[in-house]
Amino acid sequence: MTDKATVTRSAERSVRSSVNGSVRGWWRARRQAARSDAGMTTSEYAVGTIAAAAFAAVLYKIVTSGTVSGALESMIGKALDAPF
């Protein structure tokens with residue numbers, strides 16, 4: 001017959017090894033995924049370039065609008081006319 005302490009220690013070892021094994025497996029999978037990721041693909045570059053161009057066009061429209069242009073001119077004029 002086995003005593004209760006032996007069964008308990010055996011169960012604890014089993015749980016510890018399965019937890020350690022799953023953590024090791026998780027890290028192994030993460031390292032492998034990081035190694036296999038070589039960067040963006042051509043389609044990702046294309047989408048990123050289009051998004052950057054669209055953002056630049058929107059920003060250009062905002063900056064060249066009458067309201068923003070007037071505010072910038074006013075700010076520059078105040079800065080140049082500031083007393084020393």
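This is a predicted model: local features need pLDDT of at least 70, side-chain atom pairs count only at pLDDT 80 or more; totals for chains, interfaces and linings use all residues.
Local features need pLDDT of at least 70 and side-chain atom pairs count only at pLDDT 80 or more, while totals for chains, interfaces and linings use all residues. Residues are numbered from 1 along each chain as its sequence is written, and side-chain values use heavy atoms, with hydrogens and water left out.

The fold is quickly told: 3 helices and 0 strands, in the order α-α-α along the sequence. Helices (H or I, at least four residues) and strands (E, at least two) are DSSP runs, numbered from the N terminus. Of the 84 residues, 0% are buried, where buried means under 20% relative accessible area, exposed over 50%, and partly exposed in between (1.4 Å probe, protein chains only). The protein exposes about 7600 Å², with 65% of that from carbon and sulfur atoms; areas come from the Shrake-Rupley method with a 1.4 Å probe.

None of its residues is buried, so helix 3 lies largely in the open.

Phe-55, Val-58, Leu-59, Ile-62, Val-63, Leu-72 and Met-75 make up a nonpolar surface patch of about 660 Å². Helix 2 (42-63) and helix 3 (66-80) each give two or more residues to this patch, and helix 2 supplies the largest share, 5 residues. Phe-55 belongs to helix 2 and counts as exposed because its relative accessibility is 57%.

How values were computed:
Patches are made of residues with over 30% relative accessible area and no salt bridge: like charges are joined within 9 Å, nonpolar side chains (Val, Leu, Ile, Met, Phe, Trp, Tyr) within 5 Å. A salt bridge is a side-chain nitrogen of Lys or Arg within 4 Å of a carboxyl oxygen of Asp or Glu.
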